[in-house]
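Good morning, everyone, and thank you for making time for this.

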Amino acid sequence: MTRAHLIAQLARPVTYDLAVIGGGATGLGVALDAAARGFSVVLVESHDFAKGTSSRATKLVHGGVRYLAQGNISLVREALHERTTLLANAPHLAQPLAFVMPSYKFWEAPFYGVGLKMYDALAGKARLGATEFLNRAQTLALLPNTKHRGPKGHLKGGVKYWDGQFDDARLALALARTAAAQGALLINYCAATALLHEGGKLVGLQARDQETGQTYDVKADCVVNAAGVWVDQFRMEDGKAIGRDVKAMVAPSQGVHIVVDRSFLPGDHAMLIPKTADGRVLFAVPWLGKTILGTTDTPRHDLAREPLPFKEEVDFILGESARYLTKAPGRADIKSIWVGLRPLVKPADDDGDNTQGLSREHTVLVSKSGLVTVTGGKWTTYRAMAEDVMDKCFAAKLLPARPGAVTTQLRLVGAQAGTGRGAGHRVSDAPGIHLYGSEAPAVLALPGAARLLGGGLTEAMVRFAARHEYARTVEDVLARRSRLLFLDAALARSLAPEVAGLLRLETGVDPALEAFLALCDQYLQLPD
C-alpha cells in the first residue's frame, strides 16, 4: 500500500464504474458498498480520511433518544437497526454502552422511562439491554460523582438504558481498508479539483495529488459527491457547467466537545441530561480512558477545516456539568477541546439559523448531468445511507442494478472472527493494542512493538500506520490512527517530534510537524 503504487493506479487510463468525492463516513460507506457489489471504484479525499466531521462525533452509535422525542420514528427505527449491524461488524471498535439519566423531580424517571421503553420496543430484537428504573442508591452507584442535590432538587433516582459507542476515526479507517480489500482504490491527500462534463453529462473528475501537485483526469460512469458540509461547492460547479441555478442545501451546525479526566465520571456508565437550562441535551461519556462532555448545536456559516469553539459554548458545557457533578471540571481541567460541523439539510426556503430544529435524516439528489449528491444523516446510519445512494444510482440508470444488502454481515478489517461484542475490552478503556482487533499480531510483529511512546502508542503502531493505514503526517497518526490529539493535546504535542522522525523514515516525505504543533495549541486554546 505504498503511495507511489496508489498514484500509479490513479494515473491509469481507465473508466471506473463509480468515483466518490469525500473520505468521511458517507463516502467510505458508498465506496465499500459499491466495491462489495463488484463495481470498480475510486475514492479521492482532499485531506485525510475522516479529517472533518467523521472524526469529531460524540462517539455514540445510537438510535437518537432526542429524535424520538421529536417524533422522528422512522429515523430512530432505522438507526437502531443499523446500530446493531455496526456493533456486529466492528466489535473491536464499537460496543454497547449503558447510559444513566438521573432524575431530580418525581415525574422525571417515569416520564423519560416510558419514552425509553418505547426506544426498546422500536429496537425489537436489536435491543442491547432492557431499560431499568433506578432508585437513588443505584443511581449514585453507577454515577458516583452525581450531585445528591441538583438544580431541580434532591436526587430521586434515575433511568438506565442502552446505546453504543465507538472510535469514529478508526472505524472510518477500517471502512477504507475494507473497501480496498474489496478492490476499491482510495487515496487520501488527493483533492477533487473539478468535475468533467461532456455534452452536458458528467463523465468524471479531475484530481490533484496534494503532495506533488500533479493532476489526473479520472473518468467514471457515475460520480458521487459525498463531501459532507462541502457538497454545495461541487453542486454549484455542476450547475454552472450545465446552465442551472443551484441553491445551497447544507446548513452547517457546530458541535463542541470538551475532554477531561475520567475522575469526573468514574465507572463505565455515561450520563445523559435530557433537558438542560436552555433545553439542550448534555452528554458525559467515558471514552478511551477519558470523559467527553458535550455537545452544542450552533449555526455556523463558514466552513473552516478546524473551526473554533465559541465562548458561550464552552461556558454552557462547563456550567451545565457543574449543575450535575459533585466534582465539576473547570477550564484548567480541559485536556482537549474540538469542534465538528454537522452537514444538516435545510428546506429550500430555510436560512439555516435554527439548526436544532433541522432533520438529521440524509438526502440524496441526482442532478440533470448525473452528479449524485448525498449529505446529512448520522454516523450510525452510514451503511443504510450507502445503500440508498446505490439505489438512486440504479434508478437514474447511472449504474446497472445489482443485488444489495452485501455489507449487512461484512466484517470490517480487524474484526475478530468468532468473538462477541467487546472482544474483552471496552471502547471506554484507555487506548492500546486491543483497538487493532485481529490485526494486533501484525502490529506486534513490527520493530518497536515493546517501545511505548506514551498514551498507549508504541513505535510499532506508528510504523503500522505508515505502512498499512494510509498515514502521511504526524496529525494522521496522533489525531486519527491514535486519538491522542482528541484525548490529551499536550501529551500529543510532546510525542509529535518522535512520531515525525519515525514517519520520515517510513515514508520519506515531510510529516508536517510544525502544522501539527500549531493544531495542538488550538486544541488547548479556550475562547476568552
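Let me begin with a question: which residue just after α12 takes a positive phi? It is Y470, with a phi of about 65°, and please keep in mind throughout that what we are looking at is a predicted model.

Helix α12 covers residues 459-468, and because eight of its ten residues are buried, the helix is largely enclosed by the rest of the structure.

Now please move to another helix, α4, which spans residues 73-89 and contains E82. Is E82 buried or exposed? Its relative accessible area is 4%, and because buried means under 20%, E82 counts as buried. Once we set aside the neighbours within four places in sequence, the residues in contact with E82 are T380, T381, R383 and A384.

Finally, let us turn to a pair of strands. Strand β10, residues 190-198, and strand β11, residues 201-209, pair in the antiparallel sense over eight bridges, and within this pairing L196 stands opposite G204 in β11. The two strands form a hairpin with two residues between them, and in that turn G199 has a positive phi of about 60°.

Methods: Residues are numbered from 1 along each chain as its sequence is written. This is a predicted model: local features need pLDDT of at least 70, side-chain atom pairs count only at pLDDT 80 or more; totals for chains, interfaces and linings use all residues. Side-chain values use heavy atoms; hydrogens and water are left out. Helices (H or I, at least four residues) and strands (E, at least two) are DSSP runs, numbered from the N terminus. Buried means under 20% relative accessible area, exposed over 50%, partly exposed in between (1.4 Å probe, protein chains only). Contact means heavy atoms within 4.5 Å. Two strands pair if DSSP finds at least two bridges between them.
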